[in-house]
Amino acid sequence: MLQKCWWWLMPDGVLRAKKVSPCVFLAFIFLVVASCRPMPPIGENTKESRRPSRRTEFHEVKYTDKTPEQWRELLAHPNPQVRDQAIDALVKYGPKQVPFLAEMAQDRSKPTARMAAIRALGAFGPRAAVAIPVIVEALQDQTWDGRDVAAESLGFIGQASPEVVHALCEALKDGDERVRMAAARALGRCRATSEEAVEALAGALHDADPNVQMAAVEALGELGPAARSAVPQLEELARQGTPVLQSTVHDALNRITGRKSSP
């Protein structure tokens, strides 16, 4: 009769063989197979997959979730993302928010809220023109660290009035390179084609900061033929500047002169 061998691990660590009958061996195999649960076919739900999902649902923030007063209070929030949400919401509420924001822009006791309010005024674009005097005052406040934001907002509002142009030209002399760069860009956005603006931007071509130089070149290009008096300075910069700056200068010269200028 056929016999099967079972191997046992003895206490002394040595494997010992023991013969068993085929019936005992088959019974053992049957028990092992019966105790094994087959894997569910691919695609079928398991017990675990039928449990309720614990995913966090995304909640879209709507500007109507809060009143304008509540959004204005959030302009002083320490989280910049919350402040950005507040700005977007106030813009959607419309130009009626401009007077309130202008009032906040004058409050020097809350610098964070003041900066966010001025950014919000810039986001309104030309609809916030009535707030220009307040923003100009903020730009000229040497004790405030948000002067670059004020310059940017004036550029977004886009009013090239003598008051705005003069304030931005003076900002090109600021000790903070961020303010000078923002002022140059703002003059370009405002399409400030006056002689004062062109001369100030031409002077900024010699700024020690390359970012200010780049901003001045781009602004002169935005002015087009009105910046023709700055062509000699641009041509000099095209010969001496970095490769990246040279490419921007040639693009500006093309827009000013109408002639194809290549590096």
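Contact here means heavy atoms within 4.5 Å. This is a predicted model, in which local features need pLDDT of at least 70 and side-chain atom pairs count only at pLDDT 80 or more, while totals for chains, interfaces and linings use all residues. Residues are numbered from 1 along each chain as its sequence is written, and side-chain values use heavy atoms, with hydrogens and water left out.

1. Let's begin inside. Leaving aside residues up to four places away in sequence, Leu168 touches Leu139, Ala151, Leu154, Ala183, Ala186, Leu187 and Cys190. Leu168 is also one of the residues with the most contacts inside the largest nonpolar core, which has 77 residues. (Such a core is a set of buried Ala, Val, Leu, Ile, Met, Phe, Trp, Tyr and Cys residues joined through side-chain atoms within 4.5 Å; buried means under 20% relative accessible area, exposed over 50%, partly exposed in between, with a 1.4 Å probe and protein chains only.) Helix H11 (residues 210-223) gives the largest share of this core, 8 residues. Helices are DSSP runs of H or I with at least four residues, numbered from the N terminus.

2. How many aromatic pairs are there? The count is 1, taking rings of Phe, Tyr and Trp (its six-membered ring) with centres within 6.5 Å; planes under 30 degrees apart are stacked, over 60 edge-to-face and the rest tilted. Tyr63 and Tyr93 are edge-to-face because their planes stand at 85°, with ring centres 4.9 Å apart. Tyr63 is in the loop between helix H1 (22-35) and helix H2 (68-73), and Tyr93, 30 residues away, is in helix H3 (residues 80-93).

3. Two charges sit over rings, meaning NZ of Lys or CZ of Arg within 6 Å of the ring centre and within 35 degrees of the ring normal. Lys66 lies over Trp71 at 5.0 Å from the ring centre, and Arg114 over Trp144 at 4.5 Å.

4. The whole structure has 12 salt bridges, each a side-chain nitrogen of Lys or Arg within 4 Å of a carboxyl oxygen of Asp or Glu. In one of them, Arg108 meets Glu137 with the closest N and O atoms 3.7 Å apart. Arg108 is in the loop between helix H4 (98-105) and helix H5 (111-123) and Glu137 in helix H6 (residues 132-139), so the bridge ties together parts 29 residues apart in sequence. A salt-bridge network links Arg108, Arg114, Glu137 and Asp141.

5. Please look at Asp145 and Arg178 too, whose salt bridge has an N to O distance of 2.9 Å. Asp145 is exposed at 52%, whereas Arg178 is partly exposed at 36%.

Technical notes
Helix = DSSP H or I, 4+ residues; strand = E, 2+ residues; numbered from the N terminus.
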